[in-house]
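Colleague: I would like to learn how to read the packing of helices, sheets and aromatic rings in a model such as this one. Could we go through it feature by feature?

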Amino acid sequence: CVCGEVSKPLLGLSEAAFHGLGRRTDFIIHVAAEVNMVKPPQALAASNVGGTATVLHLAALAGAPVAFTSTMLPLGDTAPSGYRQTKAAAEAVCERHFESHGVPSAPLQLGDIGMATAAGSVIPDDDAFVIVLKACVALGLFPDVPWASSLMAVDQCASLFVRLLVDAPTGEFSGRPSEVKGSLVPWGTLYEWLRLEVPALRKVPLHEWREAASARRGSLFQQLGLVFDDFADEQGLEGERFARGGGDGVEVTRQGVSLTVGEAWGRQLAATIRDELAESARAEAALAQAAVDEAADVTDAEGEGGGGPAAVLASISQNLHSRLPRVPSKGSIRLASKMRQAGKTLRTLAVNATGGRLPRNLSFVQRESVKHKLRSAPANVRKVFKR
């Protein structure tokens with residue numbers, strides 16, 4: 001294994017190490033990038049454009065083809081993000097290297113990539129599609145909208161890259177970008193898939209769904225507020241493409257690899273979302289109860305000569321950290337980590353209790369989490385903090 005940094009010259013390696021790597025390389029799958037939809041292109045250029053040029057230099061030394069993960073073009077009249085602009089510049093670098101030096105590359109403008117088809121696969125917490133569907137399940141409501149989503153599973157995408165590099169004709173490596181999107185699934189079909197595992201889910205008008213979502217608190221709905229408008233615009237444009245003849249259930253293939261998801265995939269996605277939300281709810285309830293129990297124990301001790309509210313909080317957090325329950329199911333490691341962090345948060349609050357205010361260095365999620373726990377705590381703990 002060779003570790004490098006794509007934003008640095010020669011990937012941060014010595015010249016000897018870089019050339020040695022080139023001699024041992026048969027093909028390259030270039031996925032490294034700084035993915036950020038907020039930063040301007042200048043801030044991303046070193047990794048996303050310069051890094052691609054360095055990888056093409058390595059490919060030239062190795063005589064190896066490059067499969068390059070770009071990103072899909074903006075839909076409709078949407079202005080490209082700084083991230084997309086750097087990917088466009090990197091695609092141009094691929095074309096120039098092929099024309100001037102014959103370096104073979106296949107820039108693929110990838111669409112949305114979802115969870116794998118294998119049983120037990122995990123879902124990415126920061127994916128906009130997952131965030132919106134999680135909100136649907138948490139609310140028990142599904143927006144009745146004419147949207148569609150272009151979806152392929154991550155293992156299908158991986159198979160495509162392998163097939164490209166092993167079997168594809170040289171014409172596929174001309175340096176010219178090509179679009180790769182999965183099957184187009186209307187949201188009416190997604191609704192039916194979700195209801196197989198969440199039968200209580202019901203359709204409502206979009207405005208009613210948004211009102212219900214805006215009334216909810218917590219990290220999931222905070223994330224939803226950040227991504228929803230852009231996501232809705234994109235899915236609406238895909239819905240228009242579907243209405244023009246995209247076709248529900250149309251098989252999408254590339255290099256003989258299926259990029260189509262179906263009911264079994266959708267049902268597994270629904271079950272995974274349902275189970276993760278249930279685990280999170282159980283963990284939060286267990287953590288809140290542990291905090292209340294520990295607060296009661298410390299309050300009893302304080303009545304016998306304890307040392308004030310800051311000492312109460314410190315004692316709560318010290319004991320809570322070791323008493324956090326473990327959830328013996330999928331996602332338990334992530335949940336345990338979150339719960340341990342809550343204990344650390346309480347400890348931070350204890351240290352910063354002077355002045356009776358929540359410390360400013362806590363994130364929004366941490367602050368809301370601690371406020372929730374303190375609302376259930378005894379009065380002599382609550383009074384430390386000004387609401």
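Colleague: Is the crossing of H4 and H6 left-handed or right-handed?

Modeller: This is a predicted model, and in it the crossing of H4 and H6 is right-handed. The contact brings together Phe129, Val132 and Leu133 from H4 with Trp187, Leu190 and Leu194 from H6, and by class these residues comprise 6 nonpolar, no polar and no charged.

Colleague: At what angle do the axes of H4 and H6 cross, and within what distance do they come?

Modeller: In general, two packed helices are described by the angle between their axes together with the distance between those axes. Here helix H4, residues 128-139, and H6 have axes that come within 12 Å and cross at roughly 55°, and the two helices are therefore oblique to each other.

Colleague: How do H1 and H2 pack, in terms of angle and axes?

Modeller: Helix H1 covers residues 15-23 and helix H2 residues 41-62, and the two pack at about 60° with their axes 7 Å apart; H1 and H2 are therefore oblique to each other. Their crossing is right-handed. On the H1 side the contact involves Phe18, His19, Leu21 and Gly22, which meet Thr54, His57, Leu58, Leu61 and Ala62 of H2, and this contact has 5 nonpolar, 4 polar and no charged residues.

Colleague: Turning to the sheets, what is the order of the open sheet of 4 strands?

Modeller: The general idea is that strands of a sheet pair through backbone hydrogen bonds, in either a parallel or an antiparallel sense. In this case the order is E1-E2-E3-E7, and the pairing is parallel. Strand E1 (28-30) and strand E7 (178-180) are the edge strands, each pairing on one side only, while neighbouring strands of this sheet are turned against each other by 30° on average, direction ignored. E1 and strand E2, residues 66-71, run parallel and are joined by 3 bridges, with His30 having Phe68 in E2 as its bridge partner.

Colleague: Which strands of this sheet does H2 touch?

Modeller: H2 packs on the sheet and touches E1, E2 and strand E3 (105-110), its direction making about 180° with that of E1. Helix H3, residues 82-101, lies across E2 and E3 and runs at about 150° to E2.

Colleague: What is the order of the open sheet formed by 3 strands?

Modeller: The order is E4-E6-E8, with mixed pairing. Strand E4 (113-114) and strand E8 (183-186) stand at the edges with a single partner strand each, so one side of each has no neighbour in the sheet. Strand E6, residues 148-153, pairs with E8 in the antiparallel sense over 4 bridges, and Ser149 stands opposite Val185 in E8. Helix H5, residues 154-167, packs on this sheet by touching E4 and E6, with its direction at about 60° to that of E6, whereas helix H6, residues 187-195, touches E6 and E8, with its direction at about 75° to that of E8.

Colleague: Finally, how many aromatic pairs does a search of the whole structure find?

Modeller: The search finds 8 aromatic pairs. For one of them, the rings of Trp147 and Trp187 have centres 5.1 Å apart and planes at 80°, so the pair is edge-to-face. Trp147 lies in the loop between strand E5 (141-143) and E6, and Trp187 lies in helix H6, so the pair ties together parts that are 40 residues apart in sequence. In general, a pair of aromatic rings is described by the distance of the centres and the angle of the planes.

Definitions and conventions: Residues are numbered from 1 along each chain as its sequence is written. This is a predicted model: local features need pLDDT of at least 70, side-chain atom pairs count only at pLDDT 80 or more; totals for chains, interfaces and linings use all residues. Side-chain values use heavy atoms; hydrogens and water are left out. Axes are lines fitted to C-alpha atoms, for helices over the stretch in contact, and angles run from 0 to 180 degrees between N-to-C directions. Angles under 35 degrees count as roughly parallel, over 145 as roughly antiparallel, 65 to 115 as roughly perpendicular and the rest as oblique. A crossing is left-handed if the near helix is turned anticlockwise from the far one by less than a right angle, and right-handed if clockwise. Contact means heavy atoms within 4.5 Å. Ala, Val, Leu, Ile, Met, Phe, Trp, Tyr, Cys and Pro count as nonpolar, Asp, Glu, Lys and Arg as charged, and the others, Gly among them, as polar. Two strands pair if DSSP finds at least two bridges between them. Rings of Phe, Tyr and Trp (its six-membered ring) pair if their centres lie within 6.5 Å; planes under 30 degrees apart count as stacked, over 60 as edge-to-face and the rest as tilted.
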